[in-house]
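Hi,

Here is the structure I promised to pass on.

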Amino acid sequence: AMESLAGELEARFYEAEDAGCAVDSVALFREVVAGSVGRCIRSDKELWPQTGLPSEPTRLALLHSAAQNRLGELSVDDALEAGFPTTTIDCAPVRAAVGHFEAALVAWPGNASAAYSLGQIFRDRGEGDRALALFAQIETLAASGGPSNDEQDSLHRWRECWIFEPRRSAVAVAILHLALLYSQRAQHAAAAPLLRRFGFKLRLSP
């Protein structure tokens, strides 16, 4: 029964991604959240056991985190329509987005996409310290473990889809924003090695 729950919610997640409108997506993502509540991934090692897929509770926690993240992203879309961050930095969609991203990180602290989006909100609200802390946390995920080369193709695709492809994208942009925040604070010694990762060799600042 537990295995069928994870499979059912995973299918529901994909259905939400393919929904034709935001209202339908939100309703489906909320179903995933409701069905997977109460789970938590304590270590990324739980995501790549020696054989097979992660345990059922781990898969449910991952689904919960991913669905909360997508609900947060949809709330950010609403916040942008409401004028965030140019005309307002505090509105209901922003508060909803923060709640979803924080819930995603409770279920899975290694959710780099949620951490990056939350950091962006903090940055845009002028909360530089909180943004920097999140971007620095994401930077540590760049060297995190991954799947072995000899695992089954289906297992590799599952991990690539749910863990590594989203993480690679979020880590790259988070490192760049981390470097920019360091530069803005005149912490050039901290910024320089991060910028070199992107091929920058020359600088105008000290």
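**What I found**

Let's start with Leu 80, which is found in helix 3. (Helices here are DSSP runs of H or I with at least four residues, strands are runs of E with at least two, and both are numbered from the N terminus.) Leu 80 counts as partly exposed because its relative accessibility is 48%. On that scale, buried means under 20% relative accessible area, exposed means over 50%, and partly exposed is in between, with a 1.4 Å probe and protein chains only. Leu 80 and Gln 187 are 107 residues apart in sequence, and their C-alpha atoms are 31 Å apart in space.

Before going further, a word on where this comes from: it is a predicted model, where local features need pLDDT of at least 70, side-chain atom pairs count only at pLDDT 80 or more, and totals for chains, interfaces and linings use all residues. Residues are numbered from 1 along each chain as its sequence is written, and side-chain values use heavy atoms, with hydrogens and water left out.

**Helix packing**

Helix 3 covers residues 56–81 and helix 4 covers residues 92–107; the two pack at an angle of about 165 degrees, with their axes 8 Å apart. That angle is why helix 3 is roughly antiparallel to helix 4. For the axes, lines are fitted to C-alpha atoms, for helices over the stretch in contact, and the angles run from 0 to 180 degrees between N-to-C directions. Angles under 35 degrees count as roughly parallel, over 145 as roughly antiparallel, 65 to 115 as roughly perpendicular, and the rest as oblique. Helix 3 passes helix 4 in a left-handed crossing, meaning that the near helix is turned anticlockwise from the far one by less than a right angle (clockwise would be right-handed).

Now for helix 6, residues 128–139: its axis and that of helix 7 come within 8 Å and cross at roughly 135 degrees. Helix 6 and helix 7 are therefore oblique to each other. This crossing of helix 6 past helix 7 is left-handed too.

**Salt bridges**

How many salt bridges does the structure hold? There are 14 salt bridges, each one a side-chain nitrogen of Lys or Arg within 4 Å of a carboxyl oxygen of Asp or Glu.

Several of the residues to look at are in helix 1. Arg 12 meets Glu 8 in a salt bridge, at 3.8 Å from N to O. Both lie in helix 1 (residues 2–18), four residues apart, or about one turn of the helix. Arg 12 also forms a salt bridge with Glu 15, with the closest N and O atoms 3.6 Å apart; this pair is three residues apart in helix 1, again about one turn. Arg 12 is partly exposed because its relative accessibility is 22%. Glu 8, at 44%, is partly exposed, and Glu 15, at 45%, is partly exposed. Glu 8, Arg 12 and Glu 15 are linked with Glu 31 in a network of salt bridges.

Glu 73 and Arg 70 are separated by about one helical turn because they are three residues apart in helix 3. Glu 73 has a relative accessible area of 25%, so Glu 73 is partly exposed.

Most residues other than glycine have a negative phi, and most peptide bonds are trans. Where does a cis peptide bond turn up? A cis bond joins Phe 84 and Pro 85, with omega about -5 degrees, and Pro 85 is in the loop between helix 3 and helix 4. Ala 186 has a positive phi, near 60 degrees, and is not a glycine. Ala 186 sits in the loop between helix 7 (153–184) and helix 8, and is exposed, with a relative accessible area of 54%.

**Around Phe 198**

Phe 198 lies in the segment after helix 8 (188–196) and is partly exposed, at 37%. Ala 172, in helix 7, is 26 residues from Phe 198 in sequence and 9.0 Å away, C-alpha to C-alpha. Ala 172 is partly exposed, at 34%.

Cheers
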